[in-house]
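Open the model in your viewer and keep the selection tool at hand. The tour below goes stop by stop.

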Number of protein chains: 2
Amino acid sequence: MKPVNIGILGLGTVGSGAVGVLRKNAAEISRRLGRDVNVFIVSTRDAEKARAVCDTHTLVTNDPFSVVKHPEVDIVVELFGGTEIARELVLEAINNGKHIVTANKKLLAEYGNEIFSLAEQKNVMVQFEAAVAGGIPIIKALREGLTANNIKSIAGIINGTSNFILTEMREKGSAFADVLKQAQELGYAEADPTFDIEGHDAGHKITIMSALAFGTPVNFKACYLEGISKLDSRDIKYAEELGYRVKLLGITRKTDKGIELRVHPTLIPECRLLANVNGVMNAVRVDADMVGETLYYGAGAGALPTASAVVADIVDISRLITADTGNRVPHLAFQPSQVKAQNMLSMDEITSSYYLRVQAKDEPGVLGQIANLLAEENVSIEALIQKGVIKQTIAEIVILTHSTVEKNIKKAIAAIECLDCVYEPVVMIRMESLHASNG
Amino acid sequence: MKPVNIGILGLGTVGSGAVGVLRKNAAEISRRLGRDVNVFIVSTRDAEKARAVCDTHTLVTNDPFSVVKHPEVDIVVELFGGTEIARELVLEAINNGKHIVTANKKLLAEYGNEIFSLAEQKNVMVQFEAAVAGGIPIIKALREGLTANNIKSIAGIINGTSNFILTEMREKGSAFADVLKQAQELGYAEADPTFDIEGHDAGHKITIMSALAFGTPVNFKACYLEGISKLDSRDIKYAEELGYRVKLLGITRKTDKGIELRVHPTLIPECRLLANVNGVMNAVRVDADMVGETLYYGAGAGALPTASAVVADIVDISRLITADTGNRVPHLAFQPSQVKAQNMLSMDEITSSYYLRVQAKDEPGVLGQIANLLAEENVSIEALIQKGVIKQTIAEIVILTHSTVEKNIKKAIAAIECLDCVYEPVVMIRMESLHASNG
């Protein structure tokens, strides 16, 4: 069979990685695919780098738009990044009948519906394994491996930078700011780390997985984002003393009332596998009605792991390029006619259990007052522990609640903060038991 | 699109589970697939059960051979079990142009080459996600998700019964025989547990994964099998004191000299995710050159998890039934012309590190003699610990070695057992560090 021709937009870390993987493992890939993958053309502003990275026969251009319309190109690999020009390039490529491979989670979380809709009109495939959790084949698992299931929830450690910082904070008891600085020195965090540490990146990824799981359009605007920059290492320590680890989780869950979609720091029991995913590694846990709990672990970023996913998508498209277009795996896992918006729950409507830390005057009756205010909002207490006295007369009280609606806990917190004996805002961190649910 | 018609051979636990999944999640499956999956006919000796399990329109027969030749059947789902009649049925179904879904690991590990070869002649697909690790989509990950990689090794907890027994032995310090009895009462172990506890089942699974990883024919005969029935809970306790857990692993690894393929109890560092996979759960760790370490976790057995995999295969085939036959994912991951036998290493040739336990006279000079005998075979010692005195004059010595060729450790053990001061055969358990290797 004749080689499949790819055009790569952008030769940054992942782009160079993809070319490197295709060159280094060319023989192994062809042994599997039955045809060669040919890097026909790349667009980059750095022609010198391109010549160093690519085979001599690869064309190099500084005009990405010449790639998306080149008649010899079968598959356009978008590693351009950003959303403005990337969106234009992808739409034009699709209009020209090119199949797309992209690692651009932001593009898909924000413009995925438009892109998939055009792709369906034009009968081309858009593959995006590398957009979520790097080299872990989680998109394939959700779209194909778990087709027999009603998926109930997904919870994932899907931002390596944040997980590295949380791991260091726990292991060394360091403050957030110190670990962030170290992560920046190690190259695990960007100079402007907002995108990673404030949950945007994880939000894009859980938004994409939520759509695949529940057959809805992508809806990044509905995703609640709360990062790790305000976490106090004291809470990580207290959590650990109580048998929990704090992780930045992306969570999506189908409930009778609608879909939860959220990113925030979360206490999880230390015996769960997710609690033991450390450093920059990623893991995604899926709870589904037939198979129960499955978990997928691996490197969520990095040139080669991401390139591994990009190349897997290239191979998939190369196999299906000749197939019946009506019988392909749908972009969002469900047939386009079956993708339907569902009610997205606001944070007030979600259900969770909670870790609270209250600083209050160390005097009789305080615990009772706090417990009463929780009871008034129907929040029942699993544990209430006085963690010791700070300064002379201030005690720290840690409370673990049973499951409740978030609106109630917020009301209770507001009431607690009004008590004369309470200093400082109450610290609230959500908890997930990650029990496998039944049927 | 018209429904795809399936014929199911055998209505035992998994067969009933598959029918149940297809009925319960019919809407969700059709929303994804874009057509219905119709259980057209089932073969079973228990017609009454069939009528209770199946839709009224499903045909029921006691003659499985009538299913494999029925002109209306598109896909034959072999859940008959065993290898004799199952092999005949599958070959006849293929000869009749039927696609196959099977959960039968023994059949594929022993007769896979014959079956795949006939399937390629007849242009039909044979899918077997359920044959390895139940509901975990590990076959899909190996055949499709990791196509960009040279796979270096696989290590898996792939027998739930054994993992349940080892978990209980560790947590309660119980003896193997007691836990086995308990597992039998709970339904986690068969009346005749040989197949599970002596490593046969894990051997079938790692044999299949080895072929997929390295592009070789399936070769169950080359698989070394050592079960858990001779494990002493003392060794599990000592391992734990040293920071290790004992797991029954299926291991396959590509080396410069050939392929390792083996099942045996293994010490692994307690910080590894695999070490924390407990009870009947399964997990498979893959080390590959581009993506690094990935891990796949979930239920490895049970009616519904296995049915989840069976139905995913049915959906996959339904999608590809109209596709270009020359462009499908190959059965053994590599194009048939590229599947090549490679040198399979004997156990004498494999490389591992080792846990040894020696019972010896508690007197000066014993440790030195043992250390000398190891040194003579070029085995270097990582740790040598006297674990306390049994009876009056007998000490237990635990040794952890560095990596060495198994032939050497066996020679050293034989020499140690010849020492006058040594009682009882030396206990030897292999160790795996499960470090992610580089590039």
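**Stop 1: a pair within one helix**

Select B:K172 and B:E168: both sit in helix α8 (residues 160–172) of chain B, 4 residues apart, about one turn of the helix. Helices (H or I, at least four residues) and strands (E, at least two) are DSSP runs, numbered from the N terminus. The two side chains form a salt bridge, 2.6 Å from N to O. The term covers a side-chain nitrogen of Lys or Arg within 4 Å of a carboxyl oxygen of Asp or Glu. B:K172 is exposed at 54% relative accessibility, whereas B:E168 is buried at 10%. The cut-offs are under 20% relative accessible area for buried, over 50% for exposed, and partly exposed in between (1.4 Å probe, protein chains only).

A note on the source: this is a predicted model, where local features need pLDDT of at least 70, side-chain atom pairs count only at pLDDT 80 or more, and totals for chains, interfaces and linings use all residues. Residues are numbered from 1 along each chain as its sequence is written, chains are lettered from A and ligands numbered from 1 in the order in which they are written, and side-chain values use heavy atoms, with hydrogens and water left out.

**Stop 2: pairs across the sequence**

Next, pick B:D316 and B:K140. Their side chains meet in a salt bridge at 2.7 Å, N to O. B:D316 belongs to helix α13 (residues 303–320) of chain B and B:K140 to helix α7 (residues 138–145) of chain B, so this pair links parts 176 residues apart in sequence. B:D316 is buried at 7%; B:K140 is buried at 6%.

Move to B:E432 and B:R253, another salt bridge at 2.7 Å, N to O. B:E432 lies in the segment after β17 (422–431) of chain B and B:R253 in strand β9 (residues 244–255) of chain B, so parts 179 residues apart in sequence are tied together. B:E432 is buried at 8%, while B:R253 is partly exposed at 22%. Now select A:K140, A:E144, A:D316, B:K140, B:E144 and B:D316: salt bridges that share partners join them into one network.

**Stop 3: the interface**

Which residue of chain B does A:E144 pair with in a salt bridge? Select B:K140; the closest N and O atoms are 2.7 Å apart. The interface of chain A and chain B holds 4 salt bridges. Colour α13(A): it gives the most to the side of chain A that touches chain B, with 10 residues.
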